[in-house]
Amino acid sequence: MTIAAVYAGTFDPVTLGHADIARRAARAFGALVVLVIPNGNKQPLFSLAERVALLKETFKDEPLIRVEQAEGLLADYLKKNNLHILVRGVRGAADMEHELTNAYYNKLFCPGAETVFFPARPEYAFLSSSAVREAAGYGGDISSLVPPCVARALKDKLNK
């Protein structure tokens, strides 16, 4: 049985940790929407269109994963598309506390929503988009942390 799930985030940029969660969730549910949404608390390095393009390149050979974008509340996207399963990756206790709060509000605004947590693999437990952006900004080799298309895009964007 295929149950489409949604993995939403800013993905600025997508990391190998994000990609791992997406692939695992796609296998678990049979279909996954990777949804790029804005976060008013963040100033993205990449535009929405750039992030969508990088995700599409990352998952181009993954028939179970499709990439979309949305504005507004995640709960509104879920209701509009008749989707109910949210996937979240958690790296540790701090992530869990934050994600439980998000799950509460998603459920409040979309009562049918259920959030499923995927623990990060140990090799990605400390990986974050902000750390990748910072290291890349100083010329660090981030090629082992992100898909190749993202490593190229970061190099191009930060070396201008």
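Start by selecting Leu-32. Leaving aside neighbours within four places in sequence, Leu-32 is in contact (heavy atoms within 4.5 Å) with Ala-5, Val-6, Tyr-7, Ala-22, Ala-25, Ala-26, Leu-64, Ile-65, Arg-66 and Val-87. You are looking at a predicted model, where local features need pLDDT of at least 70, side-chain atom pairs count only at pLDDT 80 or more, and totals for chains, interfaces and linings use all residues. Numbering runs from 1 along each chain as its sequence is written, and side-chain values use heavy atoms, with hydrogens and water left out.

Buried means under 20% relative accessible area, exposed means over 50%, and partly exposed lies in between (1.4 Å probe, protein chains only).

Now colour by secondary structure. Helices (H or I, at least four residues) and strands (E, at least two) are DSSP runs, numbered from the N terminus. In soluble globular proteins, nonpolar side chains tend to be buried together.

**Along α1**

Stay on helix α1 and pick His-18. Its relative accessibility is 18%, so His-18 counts as buried. Not counting residues up to four places away in sequence, His-18 touches Tyr-7, Phe-11, Pro-13 and Ser-129.

**Salt bridges**

Next, show the charged side chains. The structure holds 11 salt bridges, each a side-chain nitrogen of Lys or Arg within 4 Å of a carboxyl oxygen of Asp or Glu.

Select Asp-20 and Arg-121. Their side chains meet in a salt bridge, 2.8 Å from N to O. Asp-20 is in helix α1 and Arg-121 in the loop between β5 (114-119) and α5, so the pair ties together parts that are 101 residues apart in sequence. Asp-20 is buried, at 12% relative accessibility. Arg-121 is partly exposed, at 32%.

Move to Glu-50 and Lys-157. The closest N and O atoms of this salt bridge are 3.3 Å apart. Glu-50 sits in helix α2 and Lys-157 in helix α6, 107 residues apart. Glu-50 is partly exposed at 32% relative accessible area, and Lys-157 is partly exposed at 27%.

Then select Arg-88 and Glu-99, whose side chains meet in a salt bridge (2.8 Å, N to O). Arg-88 is in strand β4 and Glu-99 in helix α4 (residues 93-109), so the pair ties together parts that are 11 residues apart in sequence. Glu-99 is buried, at 7% relative accessibility.

**α6 and the cysteines**

Finish on α6. Its residues Cys-149, Val-150, Ala-151, Ala-153 and Leu-154 are buried. The buried residues of α6 pack against α2 and α5.

Select Cys-149 again: its relative accessibility is 10%. Cys-110 is also buried, with a relative accessible area of 4%. How many disulfides are there? The count comes to 0, taking a disulfide as a pair of cysteine sulfur atoms within 2.5 Å.
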